[in-house]
Amino acid sequence: MPREGGRARSSATFSDIATLLEKLRKIEALHAGTNVAGEREAARRAAERIRARLAELRARDQDEELFYSLPDPWKRKLFVALCRRYGLRPYREPGRRYSTVIVRAPKKFQHETLWPEFLALSDELHAHLNELTDRVIRAAIDDDVSEAAEDTTPKALPHASSGP
């Protein structure tokens, strides 16, 4: 049984989501090269700066097709959304694994902006989802959310067979 009242848990969740959104905006602002962080307007301006950087790189460099292997569906969703935010069109080719996402953009943009920002956002989202999962398990199932212990008991040798 949950230990807290429904309203207290809901407001804590909304607060947690607001905190996560604020952290994600700060990460985007960091990757856009700005020190203005926090509010929605700063996040919008950061995305505009990144799109402008992408346009500048496209004027100098050719787009290159890079393949990203993202087996985790949550990370794949995040990566695809981030690509779309910057006007990129992530896609898959028929016959490729579902976890493969292909993006055409200047290699420099992909290596210096898109991928590092994705990794930072992914780490933050992973930490948030992990904490949320632990809280839900503690409240609804069991207080112990630690990993399963390793069995360190020595294994016995098999019995010798008496046949040829």
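This is a predicted model: local features need pLDDT of at least 70, side-chain atom pairs count only at pLDDT 80 or more; totals for chains, interfaces and linings use all residues.
Now look for its partner: the side chains of Asp63 and Arg58 meet in a salt bridge, with 3.0 Å from N to O. Arg58 comes out at 35% relative accessibility, which means that Arg58 is partly exposed too. Why might two such side chains pair up? Side chains of opposite charge can do so when their charged atoms come close.

How many salt bridges are there in total? The count comes to five. Another one joins Glu93 and Arg96, whose closest N and O atoms are 3.0 Å apart. Check both ends against the cut-offs: Glu93, at 27% relative accessibility, is partly exposed, and Arg96, with a relative accessible area of 38%, is partly exposed as well. Then there is the pair Asp151 and Lys155, whose side chains meet at 3.9 Å, N to O. Are these two buried or exposed? Asp151 has a relative accessible area of 55%, so it is exposed, and Lys155 is exposed at 68%.

Now zoom out to the whole chain. You can pick out four helices and two strands, and if you read along the sequence, they follow the pattern α-α-β-α-β-α. The chain has 164 residues, and 29% of them count as buried. Its accessible surface comes to about 11600 Å², with 54% of that belonging to carbon and sulfur atoms. What about contacts between parts of the chain that are separated in sequence? Among contacts between residues at least 6 apart in sequence, 63% join residues at least 24 apart.

Ser69 sits in strand β1, which covers residues 63-69. With a relative accessible area of 54%, Ser69 is exposed. Ser99 is 30 residues away along the chain, but the C-alpha atoms of Ser69 and Ser99 are separated by 5.5 Å.

Strand β2 covers residues 100-106, and Thr100 belongs to this strand. Is Thr100 buried or exposed? At 11% relative accessibility, Thr100 is under the 20% cut-off and so counts as buried. Which residues does Thr100 touch, leaving aside those up to four places away in sequence? They are Phe67, Tyr68, Tyr91 and Arg92.

Finally, turn to a pair of helices. Helix α3 runs over residues 73-85 and helix α4 over residues 107-140; their axes come within 10 Å and cross at roughly 135°. The crossing of α3 past α4 is right-handed. On the α3 side, the contact is made by Lys75, Leu78, Phe79, Leu82 and Cys83. On the α4 side, the residues involved are Leu114, Trp115, Glu117, Phe118, Leu121, Ser122 and Leu125.

Methods: Residues are numbered from 1 along each chain as its sequence is written. Side-chain values use heavy atoms; hydrogens and water are left out. A salt bridge is a side-chain nitrogen of Lys or Arg within 4 Å of a carboxyl oxygen of Asp or Glu. Buried means under 20% relative accessible area, exposed over 50%, partly exposed in between (1.4 Å probe, protein chains only). Contact means heavy atoms within 4.5 Å. Accessible areas come from the Shrake-Rupley method with a 1.4 Å probe; for residues, only the protein chains shown count as cover. Axes are lines fitted to C-alpha atoms, for helices over the stretch in contact, and angles run from 0 to 180 degrees between N-to-C directions. A crossing is left-handed if the near helix is turned anticlockwise from the far one by less than a right angle, and right-handed if clockwise.
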